[in-house]
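Trainee: I would like to learn how to read strand pairing and ligand sites. Can we work through an example?

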Amino acid sequence: MNIHEYQGKELLRRYGVAVLEGHIAWNADEAAAAAEKLPGPIYVVKSQIHAGGRGAGRFAEDPQGKGGVRLAKSVEEARAAAEAMIGKTLVTKQTGPAGKLVSRVYVEAGCDIARELYLGLLVDRETARVTIMASTEGGMEIEEVAEHHPEKILKVAIDPAAGFSPFQARKLAFGLGLEGGQVRSFEKFVASLTRAFHELDCAIVEINPLVVTKAGEIVALDAKVSFDDNALFRHKDLEALRDDSEMDPKELDAVKNDLNYVALDGEIGCMVNGAGLAMATMDIIKLYGSSPANFLDVGGTANAARVTEAFRIITSDVNVKAILVNIFGGIAKCDMIAAGIVEASKTLHLSVPLVVRLEGTNVELGKKILAESGLAIIPADNLADAARKVVAAVNEARVSGATGA
Ligand code: ADP
Ligand code: MG
């Protein structure tokens, strides 16, 4: 789960991470009032959306205008900047061409920047450790630095048993060319950030840029905080930070129905039980020359109601040209699943080809229910057979669509 910059900063502040004073504003008047509370004379008005690249982004309504992060030299300028952003659509490298609607801005104290650095914490799957990454190339996208100048990314891994050690921060500090009091300041910053990362069960915390101010302070100027969804049950208070308007509506729907769904951009809708089987299903669709429209794990307790919800979400995606159901009946028996599929197809008036592969307990009974349903369900015997059939169905639909047949 992602949250906004201002929410991330608020959380990090509680852990002693150095951030500047700022206030959230939902309209121009509030932005002016927020600026009044700050010392001035420089204010920064920042669009709050779940995407980076805001500074370099442009508003769809004013493509020649300024970006989503603006400097203001007076309270009135801060008000005008907020006025120009709120209710407008900000398009950045990360939002895609559709952009994101700005509903609020963060009005923050202006910072006297001496250097812009990068600092990020994430779970490195290869080493299975939380890894701290730092770079002198602050303000740029770290993916680009990694591609063109991998040597400019410094990394240290946190030993899960020993935990974070201050010497690791010092090692990074020297690598970044920090000196004197900056090293101590950086050490404290990293220690606080690491504690926040662990205690909040984060997946990613990215501070880009981390700045050295002209006074030699180390401050987080941006904050991207993302939580591990599997640990959210331990943080009921964080759930309140979820911004539904930032989520893919299909994914939001899935979260509310307790389904494990990730929207993708292919054309074959997938309904599978078990994450591993779902991954394998997506792989084999690719192998047979098409691509999945989603990842969906309906879970071990797939029943008629869940199957119907899953179908509803899958078919709400206009890109879906065919559906592949791949279910292994264990606790949920194949006949129950089959009955659920039949019921869901009827209720939802399913109009795209549906390939079903069932295996496991009561599979024969399940296949019989599908065969006798009177619905045009294409049965498959194994994973390869299912993939071949669903890809063929999509291709056929495309050909008949193209010829107008
Ligand atoms: P994004 O990464 O989405 O573009 P940032 O928060 O990183 O947004 O802001 C973009 C740039 O704006 C920063 O690299 C920094 O140069 C400048 N900036 C951001 N916040 C402030 C601030 N409070 N004071 C001065 N400059 C700022
Ligand atoms: Mg940034």
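This is a predicted model: local features need pLDDT of at least 70, side-chain atom pairs count only at pLDDT 80 or more; totals for chains, interfaces and linings use all residues.

Mentor: Start with the hairpin of strand 8 and strand 9, where four residues lie between the strands and A128 takes a positive phi near 55°.

Trainee: In what sense do strand 8 and strand 9 pair, and over how many bridges?

Mentor: They pair in the antiparallel sense, over seven bridges. V123, for example, has V130 in strand 9 as its bridge partner.

Trainee: How many bridges join strand 8 to strand 11?

Mentor: Eight, and these strands also run antiparallel. R115 has V212 of strand 11 as its bridge partner. In a regular strand, side chains alternate between the two faces of the sheet.

Trainee: Which protein residues are donors to the magnesium ion, ligand 2?

Mentor: N208, through O, and D222, through OD, both lying 2.2 Å from the ion. N208 lies in strand 11 and D222 in the loop between strand 12 and strand 13, so the pair ties together parts 14 residues apart in sequence.

Trainee: Is N208 buried or exposed?

Mentor: Buried, because its relative accessibility is 15%, and the cut-off is under 20%.

Trainee: Which residues come nearest to ligand 1?

Mentor: K46, R54, G55, E108 and E116, of the 18 around it. The shell divides into eight nonpolar, five polar and five charged residues. Now read the polar contacts. A polar side-chain atom of E108 lies 2.7 Å from a nitrogen atom of ligand 1. An N or O atom in the side chain of E116 is 2.5 Å from an oxygen atom of ligand 1.

Trainee: How much of ligand 1 does the protein cover?

Mentor: It covers 83% of the 540 Å² of accessible area that ligand 1 has on its own. Strand 2, strand 7, strand 8 and strand 11 each give two or more residues to the shell.

Technical notes
Residues are numbered from 1 along each chain as its sequence is written. Chains are lettered from A and ligands numbered from 1 in the order in which they are written. Side-chain values use heavy atoms; hydrogens and water are left out. Donors are N, O and S atoms within 2.8 Å of the metal (3.2 Å for Na, K and Ca); water is not among the atoms, so sites may look incomplete. Buried means under 20% relative accessible area, exposed over 50%, partly exposed in between (1.4 Å probe, protein chains only). Two strands pair if DSSP finds at least two bridges between them. A residue is near a molecule or strand if one of its heavy atoms lies within 4 Å of it. A polar contact is a pair of N or O atoms within 3.5 Å; within protein, one must be able to donate a hydrogen and the other to accept it, and residues adjacent in sequence count only if both atoms are side-chain atoms. Accessible areas come from the Shrake-Rupley method with a 1.4 Å probe; for residues, only the protein chains shown count as cover. Ala, Val, Leu, Ile, Met, Phe, Trp, Tyr, Cys and Pro count as nonpolar, Asp, Glu, Lys and Arg as charged, and the others, Gly among them, as polar.
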